[in-house]
Amino acid sequence: MMNCQTSKKQISQLLDNELSNELLQPLFHHLSGCEGCRSFFVQAQTIHDSARKIVYIQAPEVLDQKFAVLGMESQPKVKRITLSTSSAILSGFVICLMSLVLFAFLSNIYADVQQAEYQHMINSLMYERFQ
């Protein structure tokens, strides 16, 4: 009998196309009876798909040079917090908070359609593997 820890490891292997066909049936059997692992599977699939769509950009050379110059300058021993620094910290905090709220909202949406997505993904994976 498979446990949840093994299942989660195999889900990661499955998403990376590293899981052998012999281990598919025990994994899918466990997923059919374990709500927590099904939820993990849907979330992992969503993250995996999102990570594949990330586009990396190159910083302009001028920016790299400015950072290099800043690193070479001597830094004052006491850093004074100015209004602009406080504003930047507050802006960063607000952006992080908004990101968390958006993540929670999207997580609730995914939870509502989780079972249908799970079944669709299982069917797709099985179809791809045995074609």
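The model is a predicted one.

Start with helix 1 and helix 3. Helix 1 covers residues 4-15. Its axis comes within 10 Å of the axis of helix 3, and the two cross at roughly 25°. Angles under 35 degrees count as roughly parallel, so helix 1 is roughly parallel to helix 3. The crossing is right-handed. On the helix 1 side, the contact is made by Cys4, Ser7, Lys8, Ile11, Leu14 and Leu15. Helix 3 brings Cys37, Phe40, Phe41, Ala44, Gln45 and His48. By class, this contact has eight nonpolar, three polar and one charged residues.

The charged end of Lys8 sits over the ring of Phe40. It lies 5.4 Å from the centre of that ring. What about rings paired with rings? A pair of aromatic rings is described by the distance of the centres and the angle of the planes. Here there is nothing to describe in that way: the structure holds zero aromatic pairs.

Now turn to helix 2, residues 24-33, and its meeting with helix 3, residues 35-52. Their axes come within 6 Å. They cross at roughly 110°. Angles of 65 to 115 degrees count as roughly perpendicular, so helix 2 is roughly perpendicular to helix 3. This crossing is left-handed. Helix 2 contributes His30, Leu31, Ser32 and Gly33 to the contact. From helix 3 come Glu35, Cys37, Arg38 and Phe41. These residues divide into three nonpolar, three polar and two charged.

The last pair is helix 1 and helix 2. Their axes come within 10 Å and cross at roughly 120°. That angle makes helix 1 oblique to helix 2. The crossing is left-handed. In helix 1, Cys4, Ser7, Gln10, Ile11 and Leu14 take part. They meet Leu24, Leu27, Phe28, His30 and Leu31 in helix 2. Seven of the residues in this contact are nonpolar, three are polar and none is charged.

Some residues turn up in two of these contacts.

Definitions and conventions: Residues are numbered from 1 along each chain as its sequence is written. This is a predicted model: local features need pLDDT of at least 70, side-chain atom pairs count only at pLDDT 80 or more; totals for chains, interfaces and linings use all residues. Side-chain values use heavy atoms; hydrogens and water are left out. Axes are lines fitted to C-alpha atoms, for helices over the stretch in contact, and angles run from 0 to 180 degrees between N-to-C directions. Helices (H or I, at least four residues) and strands (E, at least two) are DSSP runs, numbered from the N terminus. Angles under 35 degrees count as roughly parallel, over 145 as roughly antiparallel, 65 to 115 as roughly perpendicular and the rest as oblique. A crossing is left-handed if the near helix is turned anticlockwise from the far one by less than a right angle, and right-handed if clockwise. Contact means heavy atoms within 4.5 Å. Ala, Val, Leu, Ile, Met, Phe, Trp, Tyr, Cys and Pro count as nonpolar, Asp, Glu, Lys and Arg as charged, and the others, Gly among them, as polar. Rings of Phe, Tyr and Trp (its six-membered ring) pair if their centres lie within 6.5 Å; planes under 30 degrees apart count as stacked, over 60 as edge-to-face and the rest as tilted. A charge sits over a ring if NZ of Lys or CZ of Arg is within 6 Å of the ring centre and within 35 degrees of the ring normal.
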